[in-house]
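Good morning, and thank you for joining. Please have the sequence and the model open while I speak.

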Amino acid sequence: MNGVVVMNEVLEVTRGDLFRYSFYDDNRKVVAVLNVEKLKEILGAEIICREDLLSTAVSTACGSDMMSDVLAFVKEQAVMLTGLVNPQVVRTAEMMDMHCIVFVRGKRPTLQMIEMAEDRDMVMLCTSLEMFTSCGKLYSAGLRGGSGQ
């Protein structure tokens, strides 16, 4: 078994998979760093664009349909989960330096949004799961919000 010791615990490591861990904050909390491909598997999501960036590492996420909340409260997020389908989603994700947008509840981005995301090197995924379920699955896998809680 390949493994890594984190806070006196050995965690199984599989090549390029979910199990790369890092200390997150001053409280020495350990959180997962997933690649987007693993995020896709966890959510049973479909790739909409930028399949070439599935190896991008993400360690934090947020879920919101209100872009004003994302701009006001979100810090250090790599993934946005939303059911909102308009170009403002991509613009907000760009402003917040996010790497991946996941559309929940089976929502699908417009062609304009897909082109915008491709130009900005953002992966887009689509899942049929609801927002609450999607966030819960990612939290269970170790992803946290910007506060690390």
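At 0% relative accessibility, Thr92 counts as buried, where buried means under 20% relative accessible area, exposed means over 50% and partly exposed lies in between, with a 1.4 Å probe and protein chains only. The residue belongs to helix H3; helices are DSSP runs of H or I with at least four residues, strands are runs of E with at least two, and both are numbered from the N terminus. Before I continue, note that this is a predicted model, in which local features need pLDDT of at least 70 and side-chain atom pairs count only at pLDDT 80 or more, while totals for chains, interfaces and linings use all residues. Residues are numbered from 1 along each chain as its sequence is written, and side-chain values use heavy atoms, with hydrogens and water left out.

What does Thr92 touch, not counting residues up to four places away in sequence? Its partners are Met67, Val70, Leu71 and Met80, contact being heavy atoms within 4.5 Å.

Met98 sits in the loop between H3 and strand S9 (100-103). Met98 counts as buried because its relative accessibility is 5%. Leaving aside neighbours within four places in sequence, Met98 contacts Cys62, Val70, Val74, Gln77, Ala78, Val79, Met80, Ala93 and Met122. Its C-alpha atom is separated by 9.4 Å from that of Val123, 25 residues apart along the chain.

I turn now to the sheet. Five strands form an open sheet with mixed pairing, in the order S5-S10-S9-S8-S7; two strands pair if DSSP finds at least two bridges between them. Its edge strands, each pairing on one side only, are S5 (46-49) and S7. On average, neighbouring strands are turned by 25° against each other, direction ignored.

Next, the helices. Two packed helices are described by the angle between their axes and the distance between the axes. Axes here are lines fitted to C-alpha atoms, for helices over the stretch in contact, and angles run from 0 to 180 degrees between N-to-C directions.

At what angle do H3 (residues 87-95) and H4 (residues 111-119) pack? The angle is about 15°, and the axes are 8 Å apart. H3 and H4 are therefore roughly parallel; angles under 35 degrees count as roughly parallel, over 145 as roughly antiparallel, 65 to 115 as roughly perpendicular and the rest as oblique. From H3, Pro87, Val89, Val90 and Arg91 meet Gln112, Met113, Met116 and Ala117 of H4. H4 also lies across S5, S9 and S10, at about 80° to S5.

Finally, the axes of H1 (residues 36-43) and H5 (residues 131-140) come within 10 Å and cross at roughly 125°. That makes H1 oblique to H5. Leu39, Ile42 and Leu43 of H1 make the contact with Ser134, Lys137 and Leu138 of H5.
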